[in-house]
Amino acid sequence: MKIHIITIFPESFTSYLDSSIIWKAREKWLLNISLYKLNDFSDKKFKHVDDKAFGTHGQVISPEPLSKAINHIFDKVCKKIPVIYMTPSWKLLNQKKVETFSKKLDEFIIICGHYEWIDQRIIDLYVDYEISIWKYVLTSWELANMIFIDSIARFIPEVLWNPLSLEEESFSKKLNGKKEFPHYTRPRNFEWLEVPKVLLNWNHKEIDNWKKNNLK
Ligand SMILES: C[S@@+](CC[C@H](N)C(=O)[O-])C[C@H]1O[C@@H](n2cnc3c(N)ncnc32)[C@H](O)[C@@H]1O
């Protein structure tokens, strides 16, 4: 999977992209991420990319640098690829959509805005999917995008070292769309709480029954 991210703050992605499972996926070239600093596409003297909003308060990202950045990527990859814009809206993301996106999106662009919003004409002209992570408002475009990337990247074959993790996890078919059962490790007693006895006896049938009865 190849993801092109346009942002004013590429640095806000780096610690996340350089850690843990996502880093391993990048190292193995299962996930290829390119960051583009939006200001590099500004023709303005001080490389700013915003202007005053018409008819309301605040600043808005101007259409020109965004359009230039998007077309730069189209030219670089020699084709038009889907463009995604994360928005707090009713187009809510869920596990089913995550799975569909992970299969459908092989290479795509993600736009991060800043200030109040991006100029609507960029959405009208270029954006294929507007996606909301849920019904609340974040300050950061980057954070919403990282959540989206993280949710779909784990479905890329071989990103998770144990493919069973995908089969048997919250919202999966195998668990009837329910939340996964609780997990325990050593010590057997912690404070006043014990590990359920059934998990200690390695009787797979009984354990499977316990798992089924402990889905939420
Ligand atoms: C402060 S919000 C902008 C809110 C906008 N003024 C409004 O009222 O809808 C900054 C940006 O973070 C991202 N964002 C915030 N909440 C989000 C959510 N629930 N889902 C997806 N993206 C979100 C969006 O890209 C959003 O434009």
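Residues are numbered from 1 along each chain as its sequence is written. In this predicted model, local features need pLDDT of at least 70 and side-chain atom pairs count only at pLDDT 80 or more, while totals for chains, interfaces and linings use all residues, and side-chain values use heavy atoms, with hydrogens and water left out.

**Exercise 1. The largest pocket**

Determine how much space lies in the largest pocket and which residues lie nearest its centre.

Solution. 
- Step 1. A pocket is an open set of points on a 1 Å grid over the protein atoms alone, where a 1.4 Å probe fits, with protein on both sides within 12 Å along at least five of seven lines; lining residues have an atom within 4 Å of a point.
- Step 2. The volume, meaning the space filled by probe spheres set on the points, which are joined across faces, edges and corners, is about 590 Å³ for the largest pocket.
- Step 3. Its lining comprises 21 residues, and Tyr184, Leu199, Trp202, Ile207 and Lys211 lie nearest the centre.
- Step 4. Helix 7 (164-167) and helix 8 (204-213) are the elements that give two or more residues to this lining; helices (H or I, at least four residues) and strands (E, at least two) are DSSP runs, numbered from the N terminus. Helix 8 gives the largest share, 5 residues.
- Step 5. By class, the lining holds 10 nonpolar, 5 polar and 6 charged residues. Here Ala, Val, Leu, Ile, Met, Phe, Trp, Tyr, Cys and Pro count as nonpolar, Asp, Glu, Lys and Arg as charged, and the others, Gly among them, as polar.

**Exercise 2. The second largest pocket**

Describe the second largest pocket by its space and its lining.

Solution. 
- Step 1. About 260 Å³ of space lies in the second largest pocket.
- Step 2. Of its 16 lining residues, Lys52, Ala53, Phe54, Val60 and Asp119 are the closest to the centre.
- Step 3. At least two lining residues come from each of strand 3 (50-52), strand 4 (59-61) and helix 3 (63-77).
- Step 4. The lining divides into 6 nonpolar, 3 polar and 7 charged residues.

**Exercise 3. Salt bridges**

State how many salt bridges are counted, and examine the pairs Arg26 with Asp18, Glu107 with Lys79, and Lys103 with Glu99.

Solution. 
- Step 1. Side chains of opposite charge can pair when their charged atoms come close. A salt bridge is a side-chain nitrogen of Lys or Arg within 4 Å of a carboxyl oxygen of Asp or Glu, and the count comes to 9.
- Step 2. Arg26 and Asp18 meet at 2.8 Å, N to O.
- Step 3. Glu107 and Lys79 meet at 3.7 Å, N to O. This pair links distant parts of the chain, 28 residues apart: Glu107 is in strand 6 (residues 107-111), and Lys79 is in the loop between helix 3 and strand 5 (83-86). Glu107 is buried at 10%, whereas Lys79 is partly exposed at 43%.
- Step 4. Lys103 and Glu99 meet at 4.0 Å, N to O. The two are separated by about one helical turn, because they are 4 residues apart in helix 4 (residues 95-104). Lys103 is exposed at 69%, and Glu99 is partly exposed at 31%.
- Step 5. Glu168, Lys174 and Lys211 are linked in a network of salt bridges.

Technical notes. Buried < 20%, exposed > 50% of the residue type's maximum accessible area, 1.4 Å probe, protein only.
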